[in-house]
Amino acid sequence: MKEKLDFIPNDLVSLKDYERYAKERMDLNSLAYVCSGAGDEITFRRNEEAFSNIFLETNTLEDLGGANTKIELFGETYSSPIFLAPVAYQKLVDFDGEIATAQAANAMNTCMCVSSFSSSTLEDISNTTSSPLWFQLYIQADMNTNIKLIRKAENLGFKALVITIDAPISGLRNTEQRAGFYLPNEICAINIENINPMQTTNNFENILDIAKILPTWKDIEFIKNNTNLSVILKGITSVSYAKKAVELGIDAIVVSNHAGRTLDTLPASIEILPKIANEIKGKIPILFDGGIKRGTDVIKAIALGASAVMIGRPIMYGLATAGALGVAHTLKILKEELEVSMIFTGCKNIEELKKLELTFNNNYQLH
Ligand SMILES: Cc1cc2nc3c(=O)[nH]c(=O)nc-3n(C[C@H](O)[C@H](O)[C@H](O)COP(=O)(O)O)c2cc1C
C-alpha cells in the first residue's frame, strides 16, 4: 500500500486519476466497502457508463458576462451545484474521516451532507465548517432515536434533513462478503446509540422477520411533521414515488440508486432522471447522484432536470489519496471542469444549462 500524499502530483488531474491513486492506498477491507456494488455490480458500472451515451453541443459566441455557478435552494444560496453526498464511515480511508471532508467543504464553500453512519460526531463536523451542512437520516426502528438525531442536527444549524429511503436493509454486496468486510473496532456510527443491525451488514438471519419493522410512508409523514428542517427524500428511482413525495409536501428529492449498492439491475441513475423530471415539472427541486466523474456529467444531469448533484465515492477516493487536500482538490477539479464546459456550451449560469439540447447515442433511449 502506498503512502498518503501531502502534495498534488502533476498526473493527478481528474477524478479518474483519484480513483487510481486511491486504490493504491486503501487496504483490502476498505476497498471492498467503497468499490463494491450489489450483486453483479451491473448498476454500479452502468451509472458511470451511461453518461458516455449522452452528448453535448457548443455555443461559443454567447455573452457570458456575470457568469457564475450559484444556485438557490430552500431560500439559501449555494456557490456551486456540486454537493458532497452522505458517505458512511469515512474514517475507514482516512484517520480524520468526516472532519477532513468538512475541512475540504469549508475550503471550497461546498454543501456537505453528513451520513447517519458518520464515524465523527455531528458536533465536531459542525465546528469544522461554516459551509452549509445537511443531515442524512437512515430511519431507525425506535422513533425517539430519530427525533433525538433530528433535534441535534436542528440545534447545530444543519440546513436540511435528507431521509434515505432506498436502503432499509443493506444490499447484498458480494464483493464485500467475499472479502469478509468488517468495521474495525475504532470505527463506528458514533452518533447513533441503538443502530438497526440490518442496515449495517449484508449477512442476514430471518430476512422476512426484519421486513415488518422497516420504515413506511407513515414514518416519513411523521418526521416531516416533526421538524422545521427542509425534508429531502433520497433514493427515488420511480415516477410513482416522486409523485407521492410531492403529494406529501416533501421539499425535494434525490434521484439516486445508492451508487448501485442496494438493488442490482436498477437502471443507471441518469437514465431514471428525465422521466421523473418530466413528471415533476419543477414542482420541487430534484437532486441527482450516481456516477458523476466529470464537469460534463454535471451539465448532463442539470440539462436533464437536476437542480444540483452530489458525489459519493469520489469523496472516499480524495480522502484515501490525500485526506482533506484530496477532497478539496477533487471538488476544485469538478467545479473547474463545470466552468470550462459552461463556456463551451455557452451557458453563463445554471438556469441556462437546463435549456441545453442533448444528443443520445443511436441505440440509446432515455425516455
Ligand atoms: C462507501 C459508500 C457509503 C455510502 N454511505 C451512504 C450513507 O451512509 N447514506 C446514504 O444515504 N448514502 C450512502 N451512500 C450513497 C451515496 O450517498 C451516493 O448516493 C452515491 O455514492 C452516489 O454515487 P457515486 O458514488 O457514483 O457518486 C454511500 C455510498 C458509498 C460508495
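## Two helices crossing

Let's start with a helix pair: the axes of helix H10 (residues 239–247) and helix H11 (residues 269–280) come within 9 Å of each other and cross at roughly 35 degrees. Here axes are lines fitted to C-alpha atoms, for helices over the stretch in contact, and angles run from 0 to 180 degrees between N-to-C directions. H10 passes H11 in a right-handed crossing, meaning that the near helix is turned clockwise from the far one by less than a right angle. On the H10 side the contact is made by Val239, Ala242, Lys243 and Val246, and on the H11 side by Lys275, Ile276, Glu279 and Ile280. Contact means heavy atoms within 4.5 Å. Sorted by type, the residues of this contact are five nonpolar, no polar and three charged; Ala, Val, Leu, Ile, Met, Phe, Trp, Tyr, Cys and Pro count as nonpolar, Asp, Glu, Lys and Arg as charged, and the others, Gly among them, as polar.

## What kind of model this is

This is a predicted model, where local features need pLDDT of at least 70 and side-chain atom pairs count only at pLDDT 80 or more, while totals for chains, interfaces and linings use all residues. Residues are numbered from 1 along each chain as its sequence is written, and side-chain values use heavy atoms, with hydrogens and water left out.

The chain averages a pLDDT of 96, and 98% of the residues score at least 70; pLDDT is the predictor's confidence in each residue, from 0 to 100. Helices (H or I, at least four residues) and strands (E, at least two) are DSSP runs, numbered from the N terminus.

In helix H1 (residues 15–23), the buried residues are Leu15, Asp17, Tyr18, Glu19, Tyr21 and Ala22, and they pack against H13. Buried means under 20% relative accessible area, exposed over 50%, and partly exposed in between (1.4 Å probe, protein chains only).

Helix H13 (313–345) turns up again as a partner of H4, whose buried residues also pack against strand S4 (82–84), strand S5 (112–114) and helix H5 (122–128). Those buried positions in H4 (residues 98–108) are Glu98, Ile99, Ala100, Thr101, Ala102, Ala104 and Ala105. Leaving out residues up to four places away in sequence, Met108 touches Ser79, Ala328, Leu331 and Lys332. The C-alpha atoms of Met108 and Ala22 are 86 residues apart along the chain and separated by 21 Å. Just after H4, Asn109 takes a positive phi of about 50 degrees.

## The annotated positions

An unreviewed UniProt entry lists Tyr33, Tyr138, Arg173 and Arg261 under "binding site". UniProt positions are given in the numbering used here, feature names are shortened, and annotations may be inferred rather than shown by experiment. Tyr33 is in helix H2 (residues 28–34) and is buried, at 11% relative accessible area. Beyond four places in sequence, Tyr33 touches Ala88, Tyr89, Leu92, Arg173, Glu176, Phe181 and Arg261. So what about Arg173? Arg173 is found in the loop between strand S7 (160–164) and helix H7 (174–179), and counts as buried at 8% relative accessibility. Apart from neighbours within four places in sequence, Arg173 is in contact with Tyr33, Ser36, Gly37, Ala38, Asn202 and Arg261.

The "active site" feature, also from an unreviewed UniProt entry, is placed at His258. His258 lies in the loop between S9 and H11 and counts as buried at 13% relative accessibility. Setting aside residues up to four places away, His258 touches Tyr138, Thr164, Asp166, Ala167 and Lys234.

Ser170 lies in the loop between S7 and H7 and is buried, with a relative accessible area of 9%. Not counting residues up to four places away in sequence, Ser170 touches Met198, Gln199, Thr201, Asn202 and Phe204.

Leu353 belongs to helix H14 (residues 350–353) and is buried at 0% relative accessible area. Beyond four places in sequence, Leu353 is in contact with Ile299, Ile302, Ala303, Leu338, Met342, Thr345 and Cys347. Leu353 and Ala303 are 50 residues apart in sequence, and 5.5 Å apart in space, C-alpha to C-alpha.
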